[in-house]
Amino acid sequence: MSVAINGDSARVREAYNGKIVTIERFILDQQRSHPEATGTLTSLLYDIALAAKLIANKTTRAGLVDILGSTGRYNVQGEEVQKLDEYADSILFKLNDHTGRVAVMASEEHPDILPIPDHYPTGPYVLLYDPLDGSSNIDVNVSVGTIFAIYRRRSPQGSPGSLEDCLQPGRALVAAGYVIYGSSTMLVYSTGQGVHGFTLDPSVGEFFLSHPYIRMPAKPKYYSANQGYTPFWSEGVRRFTEWLQGQDGGKPLSLRYIGSLVADFHRNLLAGGIFYYPADSRDPRYPSGKLRLIYECAPMAFLAEQAGGAASDGRRPILDIQPQELHQRTPFFVGNRELVAKAEEYIRTYDEGQP
Ligand code: AHM
Ligand code: MG
């Protein structure tokens with residue numbers, strides 16, 4: 001039986017009532033509601049899910065490396081021990097370089113685009129990824145994540161993929177998602193038909209549908225920002241933060257900040273709130289904040305909008321920004337729609353003098 005994946009959470013739950021829904025089954029059912037689909041995107045998403053399982057298998061064992069006697073880059077078996085972010089990066093590339101589904105890739109770990117090797121065919125899609133975001137958190141057992149974004153190629157089919165294929169505005173996204181390696185591993189993605197979450201059962205190595213049609217709660221609970229940098233923020237962002245704290249007529253929210261974008265975003269997606277990493281004046285080299293437009297912000301913005309939220313650079317929707325370079329950074333406000341609009345209002349009023 002196939003299920004039309006075009007309803008809301010309750011309808012999908014009812015349709016699948018009592019059935020075991022693996023990620024493969026769900027993606028296939030979504031594909032069936034597009035009779036023109038060739039299955040290429042379905043297979044690409046499934047390849048990403050496989051990469052997620054392989055990466056999860058390593059992240060959950062990260063703390064054991066020392067116990068198992070690793071010395072430098074070699075473990076007791078004499079095998080080379082890769083840093084986890086390098087491992088995640090190479091897994092994503094190797095699982096997608098030969099399938100004929102992808103024209104070109106780009107990773108936050110590399111300065112330039114990652115062409116498909118000459119001896120493999122190219123395909124219709126462009127895959128961009130941050131293989132292990134927040135990887136500095138691994139040593140202290142804090143959640144990290146993989147973020148991915150999929151576009152259609154713009155270069156002609158059959159030619160090598162190009163930089164222009166990778167520099168597309170978020171509005172052109174075909175699919176985006178993330179994997180959170182936390183107390184459990186979850187894959188959350190959207191192809192523009194709602195946001196769906198799957199939880200990995202590590203005992204059988206399969207992702208099962210656990211959160212169909214995620215909607216951001218209308219009532220926000222949390223705000224998430226690195227307040228250590230408050231003195232370096234603009235007046236608009238400082239005043240917005242005070243409003244979030246209940247000053248200036250706001251209703252106080254609780255602060256939760258992990259410092260791992262995927263984990264902070266995931267919490268706000270499920271519990272309601274706003275995450276922001278604004279521009280700051282700490283380092284003149286990075287006037288636009290820390291986070292990268294194409295690897296981190298655009299895919300999260302796509303998910304936020306799909307879940308009823310919003311994402312902005314403080315002035316315009318993140319999804320409308322045309323990237324100029326691969327590692328372009330942007331201020332980022334993402335989450336509850338009203339809170340993102342409020343941030344824009346404070347920035348307009350206090351930073352741009354336009355009440
Ligand atoms: P990374 O791409 O080098 O891992 O850095 C990105 C991470 C995000 O996950 C997180 O939101 C941010 O850096 C935290 O930065 P800070 O420590 O400045 O608050
Ligand atoms: Mg990152």
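Predicted model: local features only at pLDDT ≥ 70, side-chain atom pairs only at ≥ 80, totals over all residues.
**View 1. Leu 132, a buried residue in a strand.** At 2% relative accessibility, Leu 132 counts as buried, where buried means under 20% relative accessible area, exposed means over 50% and partly exposed is in between, using a 1.4 Å probe and the protein chains only. Leu 132 sits in strand S3; helices (H or I, at least four residues) and strands (E, at least two) are DSSP runs, numbered from the N terminus.

Residues are numbered from 1 along each chain as its sequence is written, chains are lettered from A and ligands numbered from 1 in the order in which they are written, and side-chain values use heavy atoms, with hydrogens and water left out.

**View 2. The magnesium ion (ligand 2) and its donors.** Glu 108 (OE), Asp 130 (OD), Asp 133 (OD) and Glu 296 (OE) coordinate the magnesium ion, at 2.0 to 2.3 Å. Donors here are N, O and S atoms within 2.8 Å of the metal (3.2 Å for Na, K and Ca), and water is not among the atoms, so sites may look incomplete. Written as a sequence pattern, the donor residues are spaced E-x21-D-x2-D-x162-E. As for the two aspartates, Asp 130 and Asp 133 are both buried.

**View 3. Ligand 1 and the residues around it.** Ligand 1 is surrounded by 15 residues, and the closest are Asp 133, Gly 134, Tyr 257, Leu 261 and Tyr 277; a residue gets in if one of its heavy atoms lies within 4 Å. Sorted by class, this shell holds five nonpolar, five polar and five charged residues. For that sorting, Ala, Val, Leu, Ile, Met, Phe, Trp, Tyr, Cys and Pro are nonpolar, Asp, Glu, Lys and Arg are charged, and the others, Gly among them, are polar. Domain 1 (6–211) and domain 2 (222–350) each supply at least three residues to the shell, with bounds taken from an automatic or database domain assignment.

**View 4. Oxygen atoms of ligand 1 and the side chains beside them.** The side chain of Tyr 277 has an N or O atom 2.6 Å from an oxygen atom of ligand 1. For Lys 290, a polar side-chain atom lies 2.9 Å from a ligand 1 oxygen. In the side chain of Glu 296, an N or O atom is 3.1 Å from an oxygen of ligand 1.

**View 5. Tyr 213, a residue with positive phi.** Most residues other than glycine have a negative phi. Tyr 213 has a phi near 50°, a positive value in a residue that isn't glycine. You'll spot Tyr 213 in the loop between strand S8 (206–211) and strand S9 (222–224). With a relative accessible area of 12%, Tyr 213 is buried.

**View 6. Asp 248, another loop residue.** Asp 248 is not a glycine, yet its phi is positive, at about 60°. The loop that holds Asp 248 runs between helix H7 (235–244) and strand S10 (254–255). Asp 248 is exposed, its relative accessible area being 52%.

How values were computed. Polar contact = N/O pair within 3.5 Å; in protein donor to acceptor, adjacent residues only side chain to side chain.
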